[in-house]
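Let's take a look at this protein together. Have the sequence and the structure open while you read.

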Amino acid sequence: MIIRVSELQAQEMEKPRGGKGTAIRLAYEAACGFKGEVTNFAMMSLQPNSAIGMHQHQGDMEIYLMLDGNAKTIDNDVEAVLNAGDMLVTKDGEQHCLVNEGDTPITFLAIIIKH
């Protein structure tokens with residue numbers, strides 16, 4: 001499942017958590033509500049002309065949040081491009097890959113949650 005940053009509703013927060021100023025919150029609600037143990041929480045840099053191969057998740061799920069750049073993905077047989085701010089949610093039993101066909105590294109957050 002791909003969540004596009006352009007489809008999220010920005011929420012302005014004044015003095016967040018008792019702080020000062022303003023923060024803008026983009027809530028990725030589709031990635032919430034899963035019960036389990038986080039087994040991987042990493043910022044990844046995928047180098048030019050590199051790929052994370054197609055793999056299926058069994059007994060866990062994975063979330064990729066694109067921090068910069070863009071990458072090609074195949075999400076359960078559907079090919080798409082992920083841009084900065086987009087999120088890919090791969091649930092138990094689903095499969096995905098990520099490919100950097102560009103000339104510069106891309107950065108993304110990878111989280112694996114075990115069921």
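## Surface and size

Accessible areas here come from the Shrake-Rupley method with a 1.4 Å probe. On that basis, the protein chain exposes about 6,900 Å², and carbon and sulfur atoms supply 50% of that area. Keep in mind that you're looking at a predicted model.

How far does the C-alpha trace span along its principal axes? It comes to about 45 × 35 × 25 Å. Of the 115 residues in the protein chain, 34% are buried.

## Strands from start to end

Starting at the N terminus, the elements simply go β-β-β-β-β-β-β-β-β-β-β.

## A five-strand sheet

Five of the strands make up an open sheet, in the order E1-E9-E6-E11-E4, with antiparallel pairing. Its edge strands are E1 (2-3) and E4 (37-46), each pairing on one side only. In general, strands of a sheet pair through backbone hydrogen bonds, either parallel or antiparallel.

Now zoom in on E6 (residues 60-68) and E9 (residues 87-90): these run antiparallel, and four bridges join them. Which residue in E9 is the bridge partner of Tyr64? That's Leu88.

## Contacts and charges

Take the contacts in the chain with a separation of 6 or more: 70% of them are between residues 24 or more positions apart.

As for charge, the chain has 9 positive and 16 negative charges.

Note on methods. Residues are numbered from 1 along each chain as its sequence is written. This is a predicted model: local features need pLDDT of at least 70, side-chain atom pairs count only at pLDDT 80 or more; totals for chains, interfaces and linings use all residues. Side-chain values use heavy atoms; hydrogens and water are left out. Two strands pair if DSSP finds at least two bridges between them. Helices (H or I, at least four residues) and strands (E, at least two) are DSSP runs, numbered from the N terminus. Buried means under 20% relative accessible area, exposed over 50%, partly exposed in between (1.4 Å probe, protein chains only). Contact means heavy atoms within 4.5 Å. Lys and Arg count as positive and Asp and Glu as negative; His and the chain ends are not counted. The place of a charge is taken as NZ of Lys, CZ of Arg, CG of Asp or CD of Glu.
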